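The sequence and structure come first.

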Amino acid sequence: MINQFIEKFDLLNEDVNILLSTYEKIKENPVYKKVIKMIDDGEKFKEIEKEIVLISENKYTLFVVVLVSALDIMKKRYDENGISEEIFWDTVEDLTYKIKECKQMYNTFGIEPFTWYEGFFTLRTFKLGRLEFCRVHYYTEGEYVIAVHIPSCGPLKYEDVLDAYKRAYNFFDKTHDSLMAFSCSSWLINPNYMNEIFKEGSNIYKFANDYKIFCIKEDENFHDSWRIFNMHYDSKNLDDLPTETSLQRAFVKYLKDGKKTGSGVGAFMFDGKNILKCEADVIKYLFVK
């Protein structure tokens with residue numbers, strides 16, 4: 001499956017060499033074999049990660065090597081559940097997004113975080129068009145929503161977003177009779193950023209506007225800063241933040257103005273064609289413990 005992954009995606013030659021050479025070095029390692037068995041047995045990725053870091057100091061590279069070399073396990077589960085090869089490879093492509101992010105953040109070929117991929121191997125998370133979706137159970141017994149994740153794979157065109165919702169509606173079982181509840185927790189739907197960071201009429205503004213926001217999770221440490229600046233946030237050194245893009249410049253101004261960062265949490269109902277804003281009672285039983 002490693003060779004198929006390499007053939008499917010446009011990896012740099014240096015990354016291919018690292019992937020193959022690292023696999024050759026560890027494939028007979030007893031800890032590596034234990035890790036693959038743990039994935040096959042469906043154990044928690046948090047526990048699997050503890051084993052991986054025992055193999056070598058460069059955990060980021062090991063994470064991607066383990067995940068790619070275990071793709072045959074994921075593919076087998078897709079086949080057993082009648083899920084198409086197209087959806088399999090579209091979902092697997094997320095690995096390439098994380099490889100790019102890791103290189104930008106840590107200047108190394110690898111992936112971070114490893115635990116993000118548990119949902120991929122347990123068939124809970126799928127990429128359907130532009131977005132990724134995960135079936136998530138909430139506090140009321142028997143109720144669940146489809147959680148939306150926005151992978152870093154290019155512009156968030158609104159027509160592509162709607163197409164992705166339609167694909168998810170046809171892929172998952174309906175959550176509420178003929179309706180499907182979608183939820184999202186992301187910095188991209190933080191209402192405090194609208195008009196300040198994301199201008200009205202922009203793709204992200206349109207995306208966020210579909211959600212009924214019921215909570216803002218403020219974050220003094222701005223953990224999402226790596227998504228914008230490819231570096232961790234240090235409030236004492238705002239002048240060190242890069243300003244190469246319009247998004248970076250907007251955030252630098254926002255931060256220097258002393259405004260709060262964080263994520264918005266919201267939801268909407270979807271009937272297969274139209275987005276319907278959630279009413280208060282829907283939000284209550286879906287999201288309030």
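Is Glu28 buried or exposed? Glu28 is exposed, because its relative accessible area of 55% lies over the 50% cut-off. The model is a predicted one.

**Salt bridges**

The structure holds 15 salt bridges. Glu28 takes part in one of them, with Lys33 as its partner; Lys33 is partly exposed at a relative accessible area of 44%. In the bridge between Asp41 and Lys37, Asp41 is partly exposed at 45% and Lys37 is exposed at 52%. A further bridge joins Glu118 to Lys44. This pair links distant parts of the chain, 74 residues apart: Glu118 belongs to helix H9, and Lys44 to the loop between helix H3 (30-40) and helix H4 (45-52). Glu118 is buried, with a relative accessible area of 14%, whereas Lys44 is exposed at 54%.

| Glu28 | Lys33 | 3.1 Å |

Glu14, Asp15 and Lys103 are connected in a salt-bridge network.

One cavity of 30 Å³ or more is counted. The largest cavity holds about 40 Å³ of space. Its lining is made up of seven nonpolar residues, one polar and one charged. Leu71, Met74, Thr91, Val92, Asp94, Leu95, Tyr117, Phe120 and Phe121 form this lining. At least two lining residues come from each of helix H6 (71-80), helix H7 (85-92), helix H8 (94-106) and helix H9 (118-121).

How values were computed: Residues numbered from 1 in each chain as written. Predicted model: local features only at pLDDT ≥ 70, side-chain atom pairs only at ≥ 80, totals over all residues. Heavy atoms only, no water. 1 Å grid on protein atoms, 1.4 Å probe; cavity = no way out; pocket = protein on both sides within 12 Å on 5 of 7 lines; lining within 4 Å. Points joined across faces, edges and corners; volume = space filled by probe spheres on them. Helix = DSSP H or I, 4+ residues; strand = E, 2+ residues; numbered from the N terminus. Nonpolar A, V, L, I, M, F, W, Y, C, P; charged D, E, K, R; others polar. Salt bridge = Lys/Arg side-chain N within 4 Å of Asp/Glu carboxyl O. Buried < 20%, exposed > 50% of the residue type's maximum accessible area, 1.4 Å probe, protein only.
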